[in-house]
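Hello,

Here is the structure I promised to send over. Have a look at it first, and then read on for what turned up.

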Amino acid sequence: MDLKGFLPQLLSGAQITILLALNAAVVGVLLGVVFALAKLSRHGWVSRPVTAFTNLIRGVPEFLILLLLYFGGTAVLSELAGEYFEVSPWGAGVAALRLVL
């Protein structure tokens, strides 16, 4: 099998994958630190919702989160905007990875 003809596409795919992973990791770590601090709070009104959210996200498969953000996000945003609004696949992927990481 000759892969030389596919090299530009493979490099482009690798670049997109690296950008997606770095973006999701940076924001995911920042959100994780904020949620961890909130979870350690002595105030129940801060720690309980964060604990519930964490348990919910851990219990739902990542692919389902991606589908909900992409298709459900389009439906919700279209309803709120009053006109058709489509969530980009890139945006849904980054948001899903941010939540899961």
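In which helix is Leu31 found? Leu31 belongs to helix α1. One thing to keep in mind as you read: this is a predicted model.

Let me start with that helix. α1 covers residues 7-39 and has 33 residues. From its first C-alpha to its last it reaches 46 Å, close to the 48 Å expected at 1.5 Å a residue. Leu31 itself is partly exposed, with a relative accessible area of 35%. His43 is twelve residues from Leu31 in sequence, and their C-alpha atoms are 19 Å apart in space.

Which residues of α1 are buried? They are Ala24, Gly28 and Ala38, and the buried residues of this helix pack against α2 (44-59) and α4. Gly28 has a relative accessible area of 5%, and since buried means under 20%, Gly28 therefore counts as buried.

The axes of α1 and α4 (residues 89-100) come within 8 Å and cross at roughly 40 degrees, so the two helices are oblique to each other. Their crossing is right-handed. On the α1 side, the contact is made by Ile16, Leu19, Leu20, Asn23, Ala24, Val27, Gly28 and Leu31; on the α4 side, by Trp90, Gly93, Val94, Leu97 and Arg98. By class, the residues of this contact are nine nonpolar, three polar and one charged.

α4 also meets α3. Helix α3 spans residues 62-81, and its axis and that of α4 come within 9 Å, crossing at roughly 135 degrees. α3 and α4 are therefore oblique to each other, and this crossing is right-handed too. Here α3 brings Glu62, Ile65, Leu66, Leu69 and Tyr70 to the contact, while α4 brings Pro89, Ala92, Gly93, Ala95, Ala96, Leu99 and Val100. How do the residues of this contact divide by class, and how many are charged? Ten are nonpolar, one is polar and one is charged.

Notes: Residues numbered from 1 in each chain as written. Predicted model: local features only at pLDDT ≥ 70, side-chain atom pairs only at ≥ 80, totals over all residues. Heavy atoms only, no water. Axes fitted to C-alpha atoms, helices over the stretch in contact; angles between N-to-C directions. Helix = DSSP H or I, 4+ residues; strand = E, 2+ residues; numbered from the N terminus. Parallel < 35°, antiparallel > 145°, perpendicular 65-115°, else oblique. Left-handed = near helix turned anticlockwise from the far one by under 90°. Contact = heavy atoms within 4.5 Å. Nonpolar A, V, L, I, M, F, W, Y, C, P; charged D, E, K, R; others polar. Expected span 1.5 Å × (residues − 1). Buried < 20%, exposed > 50% of the residue type's maximum accessible area, 1.4 Å probe, protein only.
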